[in-house]
Amino acid sequence: MAGINKVIILGRLGRDPEVRNFQNGGKVVNLRIATSERYKDREGNQQERTEWHSVAIFNDRLGEVAEKYLRKGSEVYIEGQIETRKWQDKDGQDRYTTEIVLRQYRGELQLVGGRGGGAGDDMGGGYQDRAPAPARSEGGGGSSRAPSRGGGWDSKKTDLDDEIPF
């Protein structure tokens, strides 16, 4: 029986993207994305829990978009796969890292809100961004989807609103 391995997160970058180049000419763009959940505890006090996600982008097109447009505090929508890799630390001990991976022809990255949506930016007020369309790479080839709202990005309503089935 075949399984499904798909992860979707919507969160904010905890730091600028980190780019590492390989000797063979390839590269990986690493992101740290925070997702937060608000809830009330048993005593009725408002609580917030933040989960940190490691993301590795091995997709050239999506990596280029992340490198060029994402910064600490940017809000981003990611679709990828969970992968665990084994590596050895400096003492030769086996270690494991679990991360969300976007590979060539698999995965999605969408900028949400405005360019440079840093933590201090006011995301309200109808700010429009003229950045390129979000990059999407799935199936047999990479294709882009442009926002359908007047050529720009409306920080109050994004294409993401139309795609969530609930």
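Figure 1. Arg-15 counts as partly exposed at 37% relative accessibility, where partly exposed denotes the range between buried (under 20% relative accessible area) and exposed (over 50%), computed with a 1.4 Å probe on protein chains only. Glu-18 likewise counts as partly exposed, at 37% relative accessibility. The two residues form a salt bridge in which the closest N and O atoms are 3.1 Å apart. The term salt bridge denotes a side-chain nitrogen of Lys or Arg within 4 Å of a carboxyl oxygen of Asp or Glu. By this rule, the count comes to 10 salt bridges. Side chains of opposite charge can pair when their charged atoms come close.

The model shown in these figures is predicted: local features need pLDDT of at least 70, side-chain atom pairs count only at pLDDT 80 or more, and totals for chains, interfaces and linings use all residues. Residues are numbered from 1 along each chain as its sequence is written, and side-chain values use heavy atoms, with hydrogens and water left out.

**Figure 2. Lys-27 and Glu-67 in a salt bridge.** The closest N and O atoms of Lys-27 and Glu-67 are 2.7 Å apart in this salt bridge. The pair links distant parts of the chain, 40 residues apart: Lys-27 lies in strand S3 (residues 27–40) and Glu-67 in helix H1 (residues 60–69). Helices (H or I, at least four residues) and strands (E, at least two) are DSSP runs, numbered from the N terminus. Lys-27 is partly exposed at 24% relative accessibility, and Glu-67 is partly exposed with a relative accessible area of 31%.

**Figure 3. Glu-83 and Arg-103 in a salt bridge.** The side chains of Glu-83 and Arg-103 meet in a salt bridge of 2.9 Å, N to O. Glu-83 belongs to strand S5, whereas Arg-103 belongs to the loop between S6 and strand S7 (108–112), so the pair ties together parts that are 20 residues apart in sequence. Glu-83 counts as partly exposed at 24% relative accessibility, and Arg-103 is partly exposed with a relative accessible area of 28%.

**Figure 4. Strand S6 and its pairing with S4 and S5.** Strand S4 (residues 46–57) pairs with strand S6 (residues 94–102) in the parallel sense over 3 bridges; two strands pair if DSSP finds at least two bridges between them. S5 and S6 run antiparallel and are joined by 8 bridges. Ile-100 in S6 stands opposite Val-55, and Ile-82 also stands opposite Ile-100. The hairpin of S5 and S6 has 5 residues between the strands, and Gly-92 takes a positive phi near 85° there.

Figure 5. Trp-87 lies in strand S5 (residues 75–88) and is partly exposed, with a relative accessible area of 36%. Leaving aside neighbours within four places in sequence, Trp-87 is in contact (heavy atoms within 4.5 Å) with Gln-93, Asp-94, Arg-95, Tyr-96 and Thr-97. The C-alpha atoms of Trp-87 and Thr-97, which are 10 residues apart along the chain, are separated by 8.0 Å. A polar contact of 2.7 Å joins the side chains of Trp-87 and Thr-97. A polar contact is a pair of N or O atoms within 3.5 Å; within protein, one must be able to donate a hydrogen and the other to accept it, and residues adjacent in sequence count only if both atoms are side-chain atoms.
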